[in-house]
Structures are given as C-alpha cells and as structure tokens.
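Let's take a walk through this one together.

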Amino acid sequence: MAEELVLDTAIRDWVLVPLSVVMVLIGVLRYFVSKLMRSPPSSSPSPDPKTVKEGQVVIRARSLRTSSQFIPAKAFKARKLYYTNGESGLLHVPKEDAQKAQAAMFSDPNMAMDMMKKNLSMIVPQTLTFAWVNFFFSGFVAAKIPFPLTQRFRGMLQNGIDLSTVDVSYVSSRSWYFLNLFGLRGLFSLILGEENATDDAQKMMQMGGGMGFNPAMSLGAEKDSLDIIQHDWALPKMEHHAEEVLRKLLKK
C-alpha cells in the first residue's frame, strides 16, 4: 500500500507558490521580450505566391486523406490520381526545385536571424529557470493531486525523488516545474489574450522545424501518406448502424 505523507505548509509557502509565480512571470516577460525582438512588418518579406500555393495543395490533399471515408471509392481514386499521378500530380516536386528551395531557405539571413531569436527567447529563460529549480528545490514533495492516478504517471509526477512507496498522486518540485511549463497556456490566454498566449509545448515541438515551409518535405510526405491510404467508405456502415438503432426503438 502506498505511503501517505503530511506536507508541511512551509513547502507550500516557500516552494510551491514561488515556483508557480516565477513560471508565470517568466512567461509574461518572455512574451514582451520576444515582442521587442520581433522584426518590424516593413522589413518582413512578402510571402512567395508559389509557396502559398504549395501550402494550399498540402492542406487540400490532407483534407482528402482524412475525409476519404465520406466519398465513394471511384471519386476518391480520381482525386488521389489528381494529386499523386507521377510527374503530373500536384504533389510532385522536381528534384531541382527542391534543392533550390532548400538552398534558398538556408541562405536567407533574415529567416535564420528570426529563428535564432525565437529559439533564444525559448531556450535561455527555460534553461536558467530549470537550473534554479534543480539547485534550490530539488527533492521536495511539493503538492498532491486531489484524485487517484495509476503507476504510469509516477515518472511524470515524481521526477527527482526516488520513493516507490509514496502514492503516485504526490508531485515533486521538479515535476511541478514541468507541469507549469506545459500547462500554463490557459492562464497566459487570460493575461495576454488568446492570440498572444505562450504555448511552450508547441514551441518546443516546432523548434526543429523553424526554417519555414519546405515544399519538398511537405509535398513528398503528403504524397507518401496519400499513396498508402486504403479507402473504406463509411456510408454503408452508417446505414446498417441506423437500421440497428431503428430496430431497437421499434422493439421498445
């Protein structure tokens, strides 16, 4: 049976509350710093019409792939052929065009500078904050979740403490830092506005793709996904399901 702990109120006052307040203040400060480092609209290059067109093609092909079960097989095959048919399909990218686009992306100084600014505004504050948390608050059991959890959550909620007998619902100080790091979007949307909310999880996922839209990778990946999809028309199944529901209602 998991061991129950009684948390000292001093941990709440000197660990839990300071961690939460500092994370909120750092998020707000990072928003204003990134706003100051943002390039002015006049210096931002206008979007390339070809890149915009290729992006719209990817969106339309993805919509076809995710909604293929709602159209007949013949209609799906015709649309699939329209996108993936060899060199005439919309998702086909010539090798020379892909190489030129990739070279242009890496040679654009403005794009590289913007990516470096975004990464610095994300990496530097979080690195310093994590070092501060790890140095001053490591090893504390900071809080307790008010509902039971399974053993799968132990590694996520009890990072930094090695007590397998403690109930899973107890949260370590280091884990509380990560929960704040990835879970404060709702609070930031109230403070800064929905469009200006700082989403650390999304930023960390997008850091690897900060060089912008790559037509060769996006079009090629969508072409491969559309090639392997198996059409399964959902309309006959919906009719059978509706028939079963009607029979149950008539029996009542």
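What follows goes from the overall layout to the cores, then to a few helices and single residues.

A word on ground rules: this is a predicted model, so local features need pLDDT of at least 70 and side-chain atom pairs count only at pLDDT 80 or more, while totals for chains, interfaces and linings use all residues. Residues are numbered from 1 along each chain as its sequence is written, and side-chain values use heavy atoms, with hydrogens and water left out.

Start with the layout. The protein has eleven helices and two strands, where helices (H or I, at least four residues) and strands (E, at least two) are DSSP runs numbered from the N terminus. Along the sequence they come in the order α-α-α-α-α-β-α-β-α-α-α-α-α. Of the 252 residues, 30% are buried; buried here means under 20% relative accessible area, exposed means over 50%, and partly exposed is in between (1.4 Å probe, protein chains only). The protein exposes about 17,000 Å², with carbon and sulfur atoms supplying 63% of it (Shrake-Rupley method, 1.4 Å probe; for residues, only the protein chains shown count as cover). If you take the contacts (heavy atoms within 4.5 Å) with a separation of 6 or more, 72% of them join residues 24 or more positions apart.

Now for the inside. A nonpolar core, as used here, is a set of buried Ala, Val, Leu, Ile, Met, Phe, Trp, Tyr and Cys residues joined through side-chain atoms within 4.5 Å. Which residues have the most contacts inside the largest one? They are V15, L19, M23, Y177, L184, F188 and L192, in a core of 17 residues. The elements giving two or more residues to this core are α1 (9–37), β1 (141–144), α7 (173–183) and α8 (185–192). Helix α1 gives the most, with eight residues.

Next, the record. The unreviewed UniProt entry annotates residues 14–33 and 120–143 as "transmembrane region"; its positions are given in the numbering used here, feature names are shortened, and annotations may be inferred rather than shown by experiment. In the model, residues 14–33 are 100% helix and 0% strand, with the end C-alpha atoms 28 Å apart. Residues 120–143 are 71% helix and 12% strand, and here the end C-alpha atoms lie 31 Å apart.

After α3 comes G86, with a positive phi near 50°.

Compare α8, where F188, S189 and L192 are buried. They cover an arc of only 105° around the axis, which puts them on the same side of α8. Part of what covers them is α1. G193 follows α8 and has a positive phi, near 105°.

L5 sits in the segment before α1 and is partly exposed, at 28% relative accessible area. Neighbours within four places aside, L5 is in contact with V141, V166 and Y170. L5 and Y170 are 165 residues apart in sequence, yet 8.6 Å apart in space, C-alpha to C-alpha. S164, in the loop between α6 (154–157) and β2 (170–172), is exposed, with a relative accessible area of 60%. S164 and R154 are ten residues apart in sequence and 8.5 Å apart in space, C-alpha to C-alpha.

Methods: Arc of directions from axis to C-beta.
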